[in-house]
Amino acid sequence: MRSPDSPVLSITGLIKDVGPLASLDGKMLRVVSGVSLAAEPGQVTALLGANGAGKTTTIECAQGLQRRSGGSVSLLGQDPDTAGAELRSRVGVMLQDGGLPPSARPIPLLKHIAGMYKDPWPVDELIGRLGIDAFSRTTVRRLSGGQRQRLALAAALAGNPEVLFLDEPSAGLDPQSRQLVFELISELRDAGMGIVLTTHLMDDAQRLADYVYIIDAGRNVAEGTVAQLLQRNISADAAQEHIRTLLFESRPGLDFTGVLPATVDVREARAGSYSVTGALTPEDLAALTAWWAAHGIMPGSMSLEARSLEDVFLDISGREIR
Amino acid sequence: MSRVLGSAPAPLLRRILLQGKYEALTMLRNGEQLILAVVLPLMALVGLTVTPLLDGLGGTRVDVAVPGILALCAMSTAFTGQGISTGFDRRYGVLRFLSTTPLGRTGLITGKILAVLAVLLLQVLVVGAVAFVLGWQPTTAGWVPALALLVLGAAAFTALGLLVAGTVRPEATLAITNLLWILLGALGGIVIPAERLPGPAQELVHFLPSGALGEALRDAFLAGTFNGGATLILLLWTAIAGAAAIRWFKWN
């Protein structure tokens, strides 16, 4: 039996080889080489990494959808490769591609899935909570990306699981659905559910995750809370020099020569969307705002960040395009 | 939110029955599958009773035709219909998702087999009713072996359908299972007995699941006899295709 505080999922030295592949002269390809992680109940654990980093393979080995080539996996104290219906009834899975039959209608489908459990989450409650009544008469194939994701989440929650796996949960979500889904995830976490999600979006990890594992090329390369990761790799010098990124929206085509020191990097990423990175001082900020005041410019938005999770991620996994 | 997390699985039998019911209803709601499962076999039945194609084979036209039509029904549902729906379920990740629920892989496959049997039962009722109207007089002693053979034939064709659906793309499954349905339906000894086929085909069709099932059902309903050789061939197809499907079926 698992004690209440032990991890819901622990993976040690996971290895997964696929193949043999014709493109590698019939050799096996190692897609996961030694990933280790632990996910706690009542926490959101994120696997963050670029596409192809091995995140989905890792969680599919944890779900028993793929058989691992090496290492060990313990899901609620059991081995997913050999466990049966009892374990599956305690684990909810939302796949990246949804996995819902295109010709099905949402409510009969959810009722069918709920029927597989002894004590399911009441379907009516799920429908209301995820706003499924708005499209209950539409077949899966005609749903929008966001509606389909919400239905897939409802299907994963049908059994009222102790562990919930979400593979790229915000893919295709419109802002309203995203808000709805993120609020629900936070509530489920507070109710004690252990949530494991994969994402390639820094913003998802930053908003949702209690603990983040950065996965790159099939390995863990860094881990920690979002705050710990943001602190990582900042040298004492950099901290003293106040390396900051200032983001603001304003009129397109502004020229800040002479306003800001030549050592800072000013970019206009999109027309009217500026980023200023460098050792900014309070005086630089004062000069910039004074210049705005003199020219009658009011920025549409502005924010100052020490470092984004994206910077950390790029520092760790390299900036080259793969 | 105050809820106690965690559930237990519903009993195994209930999970399998639920899946069987769900899959059977899905099949019956699909217009194309319904044409393949009911409309085309009925058209073939009527066609064979108004043309002299089956004359001189030891029974009335309808008596010779009906066993073959029932065999065709088994092939429609178990092989073509089941193969195509499984192929697309695989494409859309439905098989993977359902295998993460308490249903699991074994429950999913068992549910599919149940659905095939349920639809086949409906086909037997519909075809049987139309056949009686057309004057069908089956040998009473033939019913027990015939129903057993239909189940065995459905098993062989389900295994073959799953083998195709689990190893190639769904578009290829669609093409292969439809093409084989037409080829085996016309020339596989299923509806048209081997004696009426061109010379080289006659010997071959005895060893095909279509020919074996058609022949064994005709023996049962026309003469009330049990065809051991054809039964053995069906058993072999079931075992070989089943083992191959277990070995090579890809879930994603």
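The model is predicted: local features need pLDDT of at least 70, side-chain atom pairs count only at pLDDT 80 or more, and totals for chains, interfaces and linings use all residues. Residues are numbered from 1 along each chain as its sequence is written, with chains lettered from A and ligands numbered from 1 in the order in which they are written.

**Chain A.** Select chain A. Its C-alpha atoms fill a box of roughly 70 × 45 × 45 Å along the principal axes. Colouring by secondary structure shows 11 helices and 13 strands (DSSP runs numbered from the N terminus: helices are H or I with at least four residues, strands are E with at least two). Of its 322 residues, 38% count as buried, that is, with 20 or more other C-beta atoms, placed from the backbone, within 10 Å of their own.

**The side facing chain B.** Next, display both chains. Here 32 residues of chain A are in contact with 23 residues of chain B, contact being C-beta atoms, placed from the backbone, within 7 Å. Helices H2 (85-88) and H3 (106-114) of chain A each supply at least two residues of this side of chain A. The most comes from H2(A), with 3 residues.

**Helix H10.** Now select residues 282-295 of chain A, helix H10. This helix of 14 residues reaches 20 Å from its first C-alpha to its last, close to the 20 Å expected at 1.5 Å a residue (1.5 Å times one less than the number of residues). Of these 14 residues the number buried is 1, so H10(A) lies largely in the open. Finally, select A:Gly296, which follows H10(A) and has a positive phi, near 65 degrees.

How values were computed: Contact = placed C-beta atoms within 7 Å. Buried ≥ 20, exposed ≤ 12 C-beta atoms within 10 Å, placed from the backbone.
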